[in-house]
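Welcome, and thanks for taking a look at this model with us.

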Amino acid sequence: MTDLSQTPASGDTPMPKKQGQSLLELSDRTKRRNAAETRFKAYGIGAIAIGLLMLLVLVTTIFSKGIGAFQQTFVTLQVELLESKLDKTGNRDIDDIKKVTTFGYAPIIRGAVETKVNALGIDTPLKAKDMAGILSKDAAATLREYVVSHPDQIGETVEFRFLAQSRVDGYLKGRVSRDSIANDKNISAAQLDLVDALIEADVVEKTFNMAFILGSDASDARPEAAGMGVSMLGSLFMMLVVLALALPIGVAASIYLEEFAPQNWLTDIIEVNISNLAAVPSIVFGILGLAVFINYMHLPSSAPLVGGLVLTLMTLPTIIISTRASLKAVPPSIRDAALGVGASRMQSVFHHVLPLAAPGILTGTIIGLAQALGETAPLLLIGMVGFIASNAPDSIASGLLSPNSAMPAQIYEWAKRADPAFYERAWGGIIILLVFLITMNTLAVILRRRFERRW
Amino acid sequence: MPTIWLVLVLIALSVAGFFLGRSRALASANGNPKNLHSLPSYYGHNVALSALVPALAILAAWLLLQPMLVDTRVSNMIPQEAVPEGTTLGLVMSDVRRVAEGLDIAVAQGAMTAEQARNLRTEFSDVRGLLGEVGVALGADVRPEVMRAAQAYRTMSNTGTTIMTIVVALVAVGGFAWSYGRTHKDFRARNVVEQGIMALLIIAASLAILTTVGIVLSMLFETRNFFTLHSWTDFFFGGTWAPNFRGDSELSILPLLWGTFYVSLIALLVAVPLGLFAAIYLSEYASAATRSFAKPLLEILAGIPTIVYGLFALLTVGPALVRFFGQGEDGILGVEWMTGATSVLTAGLVMGIMLIPFVSSLSDDIINAVPQAMRDGSLGLGATKSETVRQVVIPAALPGIVGAVLLAASRAIGETMIVVMGAGAIAKFSANPLEAMTTITTRIVSQLTGDTDFASPETLVAFALGLTLFVLTLGLNVLALYIVRKYREQYD
């Protein structure tokens, strides 16, 4: 062995140490390399920080813009249900009362607003018609609905909480200001003055709005009355279809592929197909749904049943992949033990392997369902947008077959309407959608933690 | 819904079959299960499955095939000269179906008797008015040959449904009787049931093939129709996308492809560096605590529905970009480069954010799969950690990373909601990322929503676009898998 100090410094050593330099002092090259190291690490930290920052921005945007949808401005009024207007015959015949359209209720509301303003002694240049303009167009319909269901109240004075129109609501939420309404024909500065005075008198106030969570969509002119409830039911029915079809089919397919499939071309084709379907863009499934389910099989378009079928095809690969993973995680000794005491292969799978894999399968299914719940693109093609589902379905069959929307489709619909009041509702709808997704994913995580078994 | 009732009756029959089969088997063994070949429940399952499965299969096949057969038969009845100028047989057939549906509704509501519906003649009564009364609005007066075809359509559909009910019921009862008759203590019920279940499992697994075939066939079929109406040279080599519902549209895929690629490129420019560096940091530098905290948080980005990103692009990122690059003197940069919130950059940036976790978790797995010995060797030679990553780990993981990027690219090309809401609707060739452009998926959505007429090239072009999209993403995925598979074996 030669002494190290005797070997001459070979020529290709890039930077021989200068004479007399201390080992403790870093050479320029080392400094450069260390700086590069620090930079590289900083890039990594920066990348993660940007990612997390984006998440933060996204979440704060959603909550700051959407939380307003859960509150709504209401105007409390005492309305005298004039018999002379609502029931001219005076015999409380329900058919006669129904003949009065919402148009006939408008003067009553106008009168109620005027009475209230005069009673409070508010000085305003507005005419009664413009004063009533701070109310939603929905107010007359609310009143009519009440009168039709309570005909005995005609002639009495009843207290109502009417929705304020969307501009007034925006004014209370800070979305609308006196500057921004300069060219707005829906509201005037004088009306905002009136609203200010009514806020003082506690007539106009902002409260929690249950109707946004439970109500139905409303037409373009009445954003203040729109809600998510009916589209939530549409999503619910779709998820029922997905669960009823995708879970059994997915589990059956996984059992075959994982436990029984021989190594042959058929198995190969199936495997290739499943992994490809998992990567097919969701809109292609929408095209399939439109062409096969609606155009060829003539299933009703916009129906949650069709949506459910399309989403089933889309979720199947996800469920199959996770189910196969959890079947694979069950050790072979379980199967061998079952076979050893005389069970058939089918019995060993169905009596032993499947129950042990069940928590994993369930977790995968919930994640697949969450993915399906947030999917929008295929629903656009099968017509789950563009109309107003105003009534909740009254039976399971109509829930599956009558046209409805779904949560993400409803959000898209609101985003398309290009009105800040509907934008607020779209963000609010996203909060509701995310609450569902977070709940489902948390459930999946808890299930996995609770039942995960280490072999 | 008589079909639902039929299914319910079948299920009831099969449940009854389970108990009857089981008790018959036990009876044949004098009540002692030990004398049976299989467990008693297998005899029950045998009867239940034989009654239910073949009948349900025939029901499903019948429901699928009947509309097609009836359609062909009825459309043969319509003479060539009854198809007016400017429309097609398909349009006349949809009229026929609508009239037939209207007659069904009218009969169901009691507006006319079944006898009247069969013998109604347009020559003698106002069919349009009659159907309008029951809520079926027709665009034009019903022509006599359409009426006759509609009546034939109804008759055939009704006869078909009746025959279907009878056949399905016969098959169910037959299966029941046959398997019930075979139930005896020496009958190998378990083997038969297990074979049956195996067949069901295989069918479930084959559904994946069926779906792919369904996707390809449905799009191929309509694409062929499209190419009979529109020249394929214009579609593939034209330069303009200008659908025009009066006809004479220019429908070329090239401007859409350009928009798609441009948006995807920007998305990848955002997602690949960020995702890759995040993956490197998480797998090589981060402590276990950081990793367990940052990785799931990043992956939340992948779990957020795309509609949320779409809204984020339309209402937050777009207006923010306009404040930077637009509004002239009032803007932050004082330039007037951008007018609307929708642009290639808007959609690309947001899509990039969505793809970060996609790239990072795939690359993370791949980087972790590089053997530790290679890192140790490099570090032992005196390389710093970053030199090890750059010169040893990344080259070793490169095929996998390329695969991950290709998968991300296929995701970006197929992404719909973000581009629908963020990219705009103008088809053009432009290199300016601040302009609105449109993509394949956006055009599919806009051509297929609303009133669709499956006889016009403007609607059918969506299927050709869909097929192109399918082929593109499939190609990218296959390529990605091929690269990953080919080079993965090196270290296994």
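What follows is a short tour of the chains, their contact, some helices and a few single residues.

## Overall shape of the two chains

Please keep in mind that this is a predicted model. Let us start with chain A, which holds 19 helices and three strands. Its C-alpha atoms occupy a box of roughly 120 × 80 × 40 Å along the principal axes. The radius of gyration of chain A is 33 Å, whereas a compact globule of 455 residues would come near 23 Å. Buried residues account for 42% of the 455 residues in chain A. As for its contacts between residues at least 6 apart in sequence, 77% link residues at least 24 apart.

Chain B has 17 helices and two strands. For 492 residues, a compact globule would have a radius of gyration near 23 Å, but the value for chain B is 32 Å. Of the 492 residues in chain B, 41% are buried. Among the contacts of chain B with a separation of 6 or more, 73% come from residues 24 or more positions apart.

## Domains of chain B

Chain B is split into domain 1, covering 3-187, and domain 2, covering 241-491. How far apart are the centres of domain 1 and domain 2 of chain B? Taken over C-alpha atoms, the centres are separated by 47 Å.

## Where the chains meet

The contact between the chains draws on 68 residues from chain B and 67 residues from chain A. On the side of chain B that touches chain A, helix H7 of chain B (residues 189-229) gives the largest share, with 20 residues. Sorted by class, that side of chain B has 45 nonpolar, 19 polar and four charged residues.

## Two bent helices in chain B

Helix H12 of chain B runs over residues 344-369. Its 26 residues should span 38 Å at 1.5 Å a residue, and the end C-alpha atoms lie 36 Å apart, so the two values agree. Still, H12(B) has a kink of about 35° at B:Leu355, shortly before the proline B:Pro357. Most of H12(B) is covered, with 22 of its 26 residues buried.

Helix H14 of chain B (residues 385-414) gives another picture: a straight helix of 30 residues would span 44 Å at 1.5 Å a residue, but the end C-alpha atoms of H14(B) are only 37 Å apart. Where does H14(B) bend? The bend, of about 60°, is at B:Leu398, and the proline B:Pro399 follows within four residues.

## Single residues worth a click

B:Gly102 sits in helix H3 of chain B (residues 89-109). Is B:Gly102 buried or exposed? B:Gly102 counts as buried because 24 C-beta neighbours lie inside 10 Å, and the cut-off for a buried residue is 20 or more. From the C-alpha atom of B:Gly102 to that of B:Thr438, 336 residues away along the chain, the separation is 40 Å.

B:Arg188 is placed in the loop between helix H6 (144-182) and H7 of chain B. With 13 C-beta neighbours inside 10 Å, B:Arg188 is classed as partly exposed. Which residues does B:Arg188 contact, leaving aside its neighbours within four places in sequence? They are B:His37 and B:Ser38.

## Positive phi in two loops

Most residues other than glycine have a negative phi. A:Asp202, which is not a glycine, has a positive phi of about 60°. This residue belongs to the loop between helix H8 (189-200) and strand E3 (204-208) of chain A. A:Asp202 is exposed, because 8 other C-beta atoms lie within 10 Å.

In chain B, B:Asn30 has a positive phi of about 55° and is not a glycine either. Its loop runs between helix H1 (2-28) and helix H2 (40-77) of chain B. With 8 C-beta neighbours inside 10 Å, B:Asn30 counts as exposed.

Definitions and conventions. Residues numbered from 1 in each chain as written. Chains lettered and ligands numbered in written order. Predicted model: local features only at pLDDT ≥ 70, side-chain atom pairs only at ≥ 80, totals over all residues. Expected span 1.5 Å × (residues − 1). Bend = angle between axes of the 7 residues up to and from the residue. Buried ≥ 20, exposed ≤ 12 C-beta atoms within 10 Å, placed from the backbone. Contact = placed C-beta atoms within 7 Å. Nonpolar A, V, L, I, M, F, W, Y, C, P; charged D, E, K, R; others polar. Domains from an automatic or database assignment. Rg over C-alpha atoms; globule rule 2.2 N^0.38 Å.
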